[in-house]
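Trainee: I would like to learn how to read strands, sheets and helix packing in a model. Could we go through one together?

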Amino acid sequence: MKTMQPRPLSTLSLVVLHEARILVRDRTLLLVCCVLALMVGYGLFVGLAQATLRERMVAQVLKHERETQTANSGTLQSVLAGQTALIPFANPANPAAMAGTLSGRYATMPNAPLAALAIGQSDMMPNYYRITYLSKVQFMYDTEIENPWNLLSGHFDLAFVIVFVLPLLVTTLGYNLLSAEREHGTLRMLCSQPLSVATLMIGKVVVRVLALLAIVIPVPLVVLLLIRPEARSAEQLVLMLSWSALVAAYGLFWFAVAALVNTFGRSSSTNALIMVALWTIFVLILPVTMNLAVGLVSPAPSRTELASRTRVATAESLREYEDLYSADYRYASDPEALLVKDERIEVPSRMRGFFLAKQKVDEQIEPLLKRFDQQLLQQQKLVDRLSLLSPAMLINEALTSIAGTDSRRFLAFKDQTEAFHKRWRQYFSPRILESRAMTVRDLSSLPRWHWVEMPASEIRWSIWWRAMLMLALASVLGGLALARSSRGSIE
Amino acid sequence: MLDAIEVTKQFGAKRALDNVSLSVLPGEIYCLLGANGAGKTTLVNLFLNFLQPTSGSLQIGKLDVVRQPLETKRLLAYIPEQVTLYGVLSGLENLAFFSSLAIGEHLPRQRLLELLEAAGLPRQAADNRVATYSKGMRQKVGIAIALAKNAKALLLDEPTSGLDPSAANEFSELLVKASNDGVTVLTTTHDLFHAKQTGTRIGIMKQGRLVEELRSEEVSHADLEALYLKHMRS
């Protein structure tokens, strides 16, 4: 009697090929893959549309800024040459007008090259601010500060497809990994051969993982590489690699859960119920519970308190400088008073008062804003810690980090904007207080906004530890499933 | 070749096998008789390592079934009462897959067709989906899988229950031929006639115990029936 010794690898490859053939024949795989492909395509389209919209917005404000600068330069030259009639509050030679309504710079945050991969908070948080001498409370804190997890749901983007839909498709393909074989009776036939249940399970998972990941990973990356030249740099390719690792680890995690559920020997319908219950817990209930916990442990800063304090501070500041608001009407009858003489100009006292009042508001409100930022930072830290409890939260944070639509990048933008706002004020403050007229030369030396991207090493670390943790979770659950499958009976 | 040594299997409070010991030598056809629930299938499942014994041990070719499950399965082929195959695949494709698993190599189509023919499946049915097969046809594919494996031992759990008399007879002939080639056969059956005809030894089980063992040439059909009924009624 001849007895061949099948090698484990060849047994595994036999199972993989067989499983692929079965799934293709009964069309389950085809159906699931089509659904996934459609969702990935639509999710990516939504992400690309959002990214394009934001790019257009930034392009428009920058165009407006350039046009305003050109117009100001022309008007200033004309005013200095005495060719243009003087308008009290629209005189570019007046530093208070240039610091405020007449000019202003835009602080803009460009899209990260992989922005289309996740909308994240980009549709809630601004990617540009108009910087003037006004109080920063007026332009930076006029939107609701949100717990990052309040913003998790709501977009049908690629991150949504991965975090929410992918586990459901894994459930569709994996709830009956072993139970179907047991119920059809083929498990007895299979296990009477020199084939371990562990090898059988690995083979089944390999086919399903490859089928799903072959759609969800390469499709978005190829599309981005084709239509987004900025995504082709080495740094972005590394980010794409980490994105792929994250998605693969998340998919593996859910397959490991399915494999483990299958080792308890329950019926396919019970397995499906357990999987849906686990999905509900990990993807819906835990994030919502964590959201509530974050709100309780580290409550969001009070918008009402900020508004009231701002109102009080503004009233006090206006009162402090009220004597400066009275003398402006004389410019209507005496426009010559606004002429530039020896590079000096009379800054209307109302404008000076307004500038000082706004500066005062910021000084008074600064401690409260610091507390605001501190609370926001604490919330973020808490979210980071709590995200360890839910794979969905864990991966969502990492996906938005890669796309540059996470709260950290928006906070960095806010910090840089505040610093720029301060520089803008500092530039104009001596000119306004010392009544120094703006010159054409000054226009080219106005503070310029420059966005400094977050350090890539920081982003990489925050992504890779999450990917590694997810992979470790998947490995532990998978190992447990394999150990249980080799120990248990197949009856 | 097949050894059960003081095997007990407990399912909760129910003792399915109670200190059963038996040995089947190479070339023997050992027929296990007994009423439903006597423990025949449990013993087969234990040899296949589908279940693990509560106490005692089982060996195939001196290899422990629990400690070396894959090695022991390389030595045996199994045909259950209901051969369940993949309905979306043809008989030929099912045979190709299971034989590849069993022997670790792909058999050529011609060889697969020969095996199906040897098992009694009409050639024209080989490429039809198994979902369209009758129970007997599936049983024949199961026999072909066992033949492809060329195993040293055969474990059969009421293998002829789905076959017509002619096919059952052909199957018995196949068993005798295999045993003449040195293959060890352990089969469970309710069919006393079949046991007497093909078995070299017969064991009678009752309530998890092996209550009688005898050589088939030592008893007539009538004696075997009388002995069986005596045990069942006692």
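Mentor: Let's begin with strand pairing. Two strands pair if DSSP finds at least two bridges between them. Strand 6 of chain B and strand 7 (residues 153-157) of chain B pair in the parallel sense over 4 bridges, and Leu76(B) stands opposite Ala153(B) in strand 7 of chain B. Helices (H or I, at least four residues) and strands (E, at least two) are DSSP runs, numbered from the N terminus.

Trainee: Before we go on, what kind of model is this, and how are residues and chains labelled?

Mentor: This is a predicted model, in which local features need pLDDT of at least 70 and side-chain atom pairs count only at pLDDT 80 or more, while totals for chains, interfaces and linings use all residues. Residues are numbered from 1 along each chain as its sequence is written, with chains lettered from A and ligands numbered from 1 in the order in which they are written.

Trainee: In which order do the strands of the open sheet with mixed pairing stand in chain B?

Mentor: The order of its 6 strands is 6-7-8-3-9-10. Strand 6 (76-79) and strand 10 of chain B are at the edges with a single partner strand each, so one side of each has no neighbour in the sheet. From one strand to the next, the twist averages 15 degrees.

Trainee: Is strand 9 of chain B largely enclosed or left open?

Mentor: For burial we count neighbours: a residue is buried if 20 or more other C-beta atoms lie within 10 Å of its own, exposed if 12 or fewer, and partly exposed in between, with C-beta atoms placed from the backbone. In strand 9 (residues 201-206) of chain B, 5 of the 6 residues are buried, so the strand is largely enclosed by the rest of the structure. Strand 3 (residues 29-34) of chain B runs parallel to strand 9 of chain B, joined by 5 bridges, with Leu32(B) opposite Gly203(B). Strand 10 (residues 209-215) of chain B runs antiparallel to strand 9 of chain B, with 6 bridges. These two strands form a hairpin with 2 residues between them, and Gln207(B) in the turn has a positive phi of about 45 degrees.

Trainee: How should I read two packed helices?

Mentor: Two packed helices are described by the angle between their axes and the distance between the axes. Axes are lines fitted to C-alpha atoms, for helices over the stretch in contact, and angles run from 0 to 180 degrees between N-to-C directions. Helix 15 (residues 391-403) of chain A and helix 18 (residues 456-487) of chain A have axes that come within 9 Å and cross at roughly 150 degrees. These two helices are therefore roughly antiparallel to each other (angles under 35 degrees count as roughly parallel, over 145 as roughly antiparallel, 65 to 115 as roughly perpendicular and the rest as oblique).

Trainee: And how many residues are in contact between chain A and chain B?

Mentor: Two residues are in contact if their C-beta atoms, placed from the backbone, lie within 7 Å. By that rule, 28 residues of chain A are in contact with 26 residues of chain B. Helix 1 (8-25) and helix 7 (186-191) of chain A are the elements giving two or more residues to the side of chain A that touches chain B. The largest share of that side, 6 residues, comes from helix 1 of chain A.
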